[in-house]
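Look at the sequence and the fold, then read on.

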Amino acid sequence: MSFSPLALIAEITHRCPLHCVYCSNPMQLAATQSELSTEQWASVFGQSGKLGMLHAHFTGGEPLARADLAELIAAAHKAGLYTNLITSGIGLNDARLKTLVDAGLDHIQISFQDSREDSANWIAGAKSHAHKIELARAVRRYKVAFTVNLVVHRQNLDRLEEMIAFIERLDPERVEIAHTQYYGWALANRAALMPTHAQLEKAVAIVAEAEKRFAGRIRIDSVVPDYYAKYPKACMGGWGRKLMLVNPAGKVLPCHAAEVLPGLSFENVREKSLEWIWRESASFRRFRGEDWMPEPCRSCERRSEDFGGCRCQAFLLVGDATATDPACSLAPQHHLVESAVGEANSEASVAQPTAASSFVQLQKQTGDLWTYRTNPE
Amino acid sequence: MAPPLDSSQPRLAAGCRWAPSTTGADENRMILFPEGAIKLQGTGRQVLERCDGQRTFGEIIAELQKEFGQTDPEKIRADISTFLEQLQKKRIVDY
């Protein structure tokens, strides 16, 4: 393979204190006992640095659930990687934050589920919102880049303006407005999460206005959900082209969802080197190049831009990992996405709960609405 | 956000840093920041290497005007100002 990977996604655990309904972890979570050791992760980072990777993204589950996180960050930093921590913030106080920054943490990205406490806790399935606010204040005392990650969907998009104003007061350098993608738990809960046309149109206008207002102070990154787009996303920058993900048990994947694909055998860092896996393994080679593409992708002028979209989404919705991602308007199976969007916009679709005094009340009102993410054994 | 003043002291923003230098050809250097990296070479690199939070914008311009004696000094000033403004918008540089 003539190009090197740019970034390592270190999915260090599937343990998490929250139960967010939009979680994109696989529904089959890696058992705690299967997790790699500190030394095994240090070896992964060392190899990543030698392979020329620039970034390490610490994620999970909740990466803070690993007691050795500071050592892991130090190992990645030593290997020359820029370190990003993608976290809910639960498990982090000022003292622990200091140890992580001292260990070499470059960037922390904290998720927020909503601007209002009851709704935020309802989406996360746990009392987490107040702690996140406190943590955001603590972060500003340290020399580390700070991004707020706001996951948006049907249940909170009506408050987008309010949520952006709320985030502005937290004073991050960057905001990611992340429309939910449908993998893992999010796919199971798709009907409750899919926004309406009206919500999306309004969101685009609100974000454009906020970008102007924030120019030079806060950078906004936002992506339109692919179900509503004309063409599919270039998922992960292409299969095996830019990123490698190592899961808690050491399995090496081209993305967080790939284990759903049948007929593929993924390698493990306990057995093979990252370099060999990147360059030689059948799994990483499977969807590189264009030979695997069916029509219309094979002769499409966009094929080198979006690579026919997401293989995992093609499998999850169509049952065939080689199919054109049905999010693409040119896909033979585009009707699968169209009908999900249609349902979201129909009168019979999911109603939103009325205001309640606490998130427990909201949960009681909406018992059948969705499935909360569980924890691994 | 306005362009830098002569008295501004440009520096890399919090969480933005140079990639550790690798062996071999050092003409390119990378700056790493949240979710990204940019490759810098030539003048871009020379400008950013001087954005140490100590040197003023005026001093940086003067150094580079001396270095590139053949080029119109006003063009150097305008180009560097635009360059830094773009990086400021991306939150890579502060001044």
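In which hand does α1(A) pass α2(A)? The crossing of α1(A) and α2(A) is right-handed. (A crossing is right-handed if the near helix is turned clockwise from the far one by less than a right angle, and left-handed if anticlockwise.)

This is a predicted model, in which local features need pLDDT of at least 70, side-chain atom pairs count only at pLDDT 80 or more, and totals for chains, interfaces and linings use all residues. Residues are numbered from 1 along each chain as its sequence is written, while chains are lettered from A and ligands numbered from 1 in the order in which they are written. Helices (H or I, at least four residues) and strands (E, at least two) are DSSP runs, numbered from the N terminus.

Two packed helices are described by the angle between their axes and the distance between the axes. Axes are lines fitted to C-alpha atoms, for helices over the stretch in contact, and angles run from 0 to 180 degrees between N-to-C directions.

| Helix pair | Angle | Axes |
|---|---|---|
| α1 (residues 38-50) and α2 (residues 69-78) of chain A | roughly 25 degrees | come within 8 Å |
| α6 (residues 160-170) and α9 (residues 197-214) of chain A | about 25 degrees | 10 Å apart |

The α6(A) angle makes that helix roughly parallel to α9(A). Roughly parallel is the term for angles under 35 degrees. The crossing of α6(A) and α9(A) is right-handed. From α6(A) come L160(A), E161(A) and I164(A), which meet A203(A), I206(A) and A210(A) in α9(A). By class, this contact of α6(A) with α9(A) holds five nonpolar residues, no polar ones and one charged. (Ala, Val, Leu, Ile, Met, Phe, Trp, Tyr, Cys and Pro count as nonpolar, Asp, Glu, Lys and Arg as charged, and the others, Gly among them, as polar.)

Now return to the other pair, where α1(A) passes α2(A) in a right-handed crossing. T38(A), W41(A), A42(A) and F45(A) of α1(A) make the contact with E71(A), L72(A), A75(A) and A76(A) of α2(A). The contact of α1(A) with α2(A) has six nonpolar, one polar and one charged residues.

**The sheet of chain A**

Nine strands form an open sheet with mixed pairing, in the order β7-β6-β5-β4-β3-β2-β1-β8-β9 (chain A). Its edge strands are β7 (219-223) and β9 (252-253) of chain A, and each pairs on one side only. Two strands pair if DSSP finds at least two bridges between them. Strand β6 (residues 174-179) of chain A runs parallel to β7(A), and five bridges join them. E176(A) stands opposite D221(A) in β7(A).

α6(A) lies across β4, β5 and β6 of chain A, at about 165 degrees to β5(A). α5(A) lies across β4 (107-112) and β5 (145-152) of chain A, at about 155 degrees to β4(A). I133(A) sits in helix α5 (residues 129-139) of chain A. With 16 C-beta neighbours inside 10 Å, I133(A) counts as partly exposed. (A residue is buried if 20 or more other C-beta atoms lie within 10 Å of its own, exposed if 12 or fewer, and partly exposed in between; C-beta atoms are placed from the backbone.) The C-alpha atoms of I133(A) and R169(A) are separated by 10.0 Å, though these residues are 36 residues apart along the chain.

**Backbone exceptions**

Most residues other than glycine have a negative phi, and most peptide bonds are trans. D171(A), not a glycine, has a positive phi of about 60 degrees. D171(A) lies in the loop between α6 and β6 of chain A. It is partly exposed, with 14 other C-beta atoms within 10 Å. M236(A) also has a positive phi, near 60 degrees. M236(A) lies in the loop between β7 and β8 (243-246) of chain A. It is buried, with 24 other C-beta atoms within 10 Å. The peptide bond from E295(A) to P296(A) is cis, with omega near 0 degrees. P296(A) belongs to the loop between α11 (282-285) and α12 (303-306) of chain A.

Chain B has an open sheet of three strands, β2-β3-β4, with antiparallel pairing. Its edge strands are β2 (17-18) and β4 (36-40) of chain B. β3(B) and β4(B) pair over five bridges. R29(B) has L40(B) in β4(B) as its bridge partner.

How many residues of chain B are in contact with chain A? There are 17, and they touch 15 residues of chain A. (Residues are in contact if their C-beta atoms, placed from the backbone, lie within 7 Å.) β3(B) gives the most to the side of chain B that touches chain A, with three residues. That side of chain B has 11 nonpolar, two polar and four charged residues.

Definitions and conventions
Angles under 35 degrees count as roughly parallel, over 145 as roughly antiparallel, 65 to 115 as roughly perpendicular and the rest as oblique. Two residues are in contact if their C-beta atoms, placed from the backbone, lie within 7 Å.
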